[in-house]
Amino acid sequence: MVAGPHANEPVGGATVLRLAERTLADPRLTEAADATWNLLLCLDPDGLRRNERWLTGPYALGHYFRHFFRPGFLEQPEWLPDGAAAAALPETRTLLALQDELRPALQCSLHGVDVGGGFVELTRDLPGLGGRVAAIAARLGIPRELGAYDALYWPGLGPAVYRIPSPHPGDLAAAITEAAVESTWFHPHRHGTVTAVVEAPMWGVTAVSDGSPHADAPAVLRAVSSTLREDTVLLAGLLARIRPHLAAAPETARLLAPVGDYLLVCPGLADAWDPDHGGSAARPLPPMTTARLAALRIAGQRLALRTAGLLYQLVTSTGRDPAGVLPELDRLIDARCADYRDMWAPRWIPVARQSEYQARVVLAAFELTLRHPRVRSRSGEPGWGPGSAVPMHRE
C-alpha cells in the first residue's frame with residue numbers, strides 16, 4: 001500500500017493506518033489469506049510538508065489552492081520517464097527496490113481527487129470491482145467519476161474503473177496529461193503484480209456521476225477550451241512579469257517547475273478539446289456524456305487554479321510584490337473558485353469518510369486479487385500484458 005504519492009493528496013496516510021488496524025484485528029486478511037501487508041505511510045513526505053498550510057483547515061477551495069503544492073512532473077516519485085534504471089529520486093529508487101524484493105500480488109497506490117469523484121485505475125482487470133466500488137460509494141455517499149479526466153482515452157473495465165494503458169513513448173506533454181509513461185505502477189508487472197490506483201475525492205461533485213448524453217456537448221467543449229486558453233495567456237503574462245524579480249533559489253525552482261508543466265500542457269489540451277480545432281481530429285474524443293464534460297470542465301478550472309496558486313506562493317514567499325500581480329491572481333483564484341461553487345456545488349467530504357471509502361475499495365481489490373491467479377510477464381517485451389505466462393525454458 002503506497003500512500004502519499006502526490007504531495008497534495010494526503011488521504012492515503014489516514015487510509016493505511018485504518019488498514020493497519022483492520023489487518024491486525026482480522027486474521028482473515030493475513031494468516032487465513034496467507035498474506036502479508038506492507039504499508040508505506042508517505043511516498044513524498046517533503047512535498048506533503050509543503051501542503052501543511054491548508055491541511056489543518058479551513059477546508060475552503062480558495063485556501064486550498066492558494067497553499068497547494070505538487071512538484072513538477074520530473075520530481076513526482078511514481079513516474080519513470082527515463083526508465084527504472086535512470087530513476088533519480090531516492091523515494092523512487094526505494095519504492096522500486098521494495099517492489100522487486102516483495103514481488104507483491106497487489107499494489108495499491110492511494111491517490112486523492114481535489115474536486116470530483118472516486119474512481120479506480122488498474123493495470124490488469126479485476127472482474128467484479130466495478131460493482132464493489134458502486135456499492136461502497138453508495139453506502140458512503142461518495143460520487144463516482146464515470147468519465148474521469150485522467151482516463152479520458154483509456155478503456156473502461158466497469159463504471160468508474162479504468163484500464164491503465166501499457167507505457168508507450170511520447171513527449172513530455174503527453175506524459176503529464178496521460179500518465180502512460182513507465183511508472184512504479186507498471187514496474188512490478190513483471191512479477192505478476194496488479195496495481196490499483198485508488199482515487200478518493202476531497203470535495204464531491206454529483207455531476208461526475210451522471211452518465212447520460214449531453215444535449216449540446218460541442219458548445220460546452222468550445223467554452224471549456226476558450227476559458228482555458230484565456231486563463232493560460234493571462235497566467236503566462238503574469239509569470240513573465242514576476243520572473244525578473246525572482247531570486248535564483250531552490251524554493252523558486254520548486255515552484256517554477258510545476259508552473260512550467262501546466263503552462264506547457266494547457267494550450268494542447270485546449271486544442272484537443274475544441275471541436276473546431278483541426279488538431280482534435282487526430283485523436284477524437286470519446287462520446288461526451290454529462291459526466292465526461294463535467295470532468296473536463298473541472299480539469300480546466302483546476303489547471304488554472306493550480307498555476308495561479310503556485311504563482312501566488314512565488315510572490316508571497318518573497319514578502320513583496322514589485323510586479324503588482326497579487327490583485328490579479330486573487331481575482332482569478334476567487335473567480336475560478338466561484339465557478340466551482342456555482343457550477344458544481346462541491347461538498348467537503350470528511351476525512352474519516354474519504355479514508356473509509358478508500359480502505360473499503362482496497363479491501364475489495366485485495367479479495368478479488370486472491371480469486372485471480374497472477375499473470376507473470378516481462379515489461380517491455382512484445383505482447384506483454386494480461387496474456388499467459390511463457391514457461392521459463394521457452395523464453
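Two strands count as paired if DSSP finds at least two bridges between them, and helices (H or I, at least four residues) and strands (E, at least two) are themselves DSSP runs, numbered from the N terminus. This is a predicted model, in which local features need pLDDT of at least 70 and side-chain atom pairs count only at pLDDT 80 or more, while totals for chains, interfaces and linings use all residues. Residues are numbered from 1 along each chain as its sequence is written, and side-chain values use heavy atoms, with hydrogens and water left out.

Within β5, the residue standing opposite V120 is V161.

**Stop two: aromatic pairs**

Rings of Phe, Tyr and Trp (its six-membered ring) are taken as a pair if their centres lie within 6.5 Å, with planes under 30 degrees apart counted as stacked, over 60 as edge-to-face and the rest as tilted. By this rule there are twelve aromatic pairs. Select Y64 and W203, a tilted pair at 5.7 Å centre to centre with 55° between the planes. This pair links distant parts of the chain, since Y64 belongs to helix α4 (residues 61-66) and W203 to strand β6, 139 residues apart. Y64 counts as buried because its relative accessibility is 1%, and W203 likewise counts as buried, at 4%.

Move on to Y149 and W273, an edge-to-face pair at 6.0 Å centre to centre with 90° between the planes. Y149 lies in the loop between α6 (129-140) and β4 (156-158) and W273 in helix α9 (residues 250-273), so this pair ties together parts that are 124 residues apart in sequence. Y149 is buried at 16% relative accessibility, and W273 is buried with a relative accessible area of 2%.

**Stop three: a cluster, and charges over rings**

Select W54, Y59, Y64, F65, F68, W203, Y340 and W348 together, which form one aromatic cluster.

Finally, a charge sits over a ring if NZ of Lys or CZ of Arg is within 6 Å of the ring centre and within 35 degrees of the ring normal. Select R50 with F69, where the arginine lies over the ring face at 4.3 Å from the ring centre, and then R66 with Y312, where the corresponding value is 5.6 Å.

Definitions and conventions. Buried means under 20% relative accessible area, exposed over 50%, partly exposed in between (1.4 Å probe, protein chains only).
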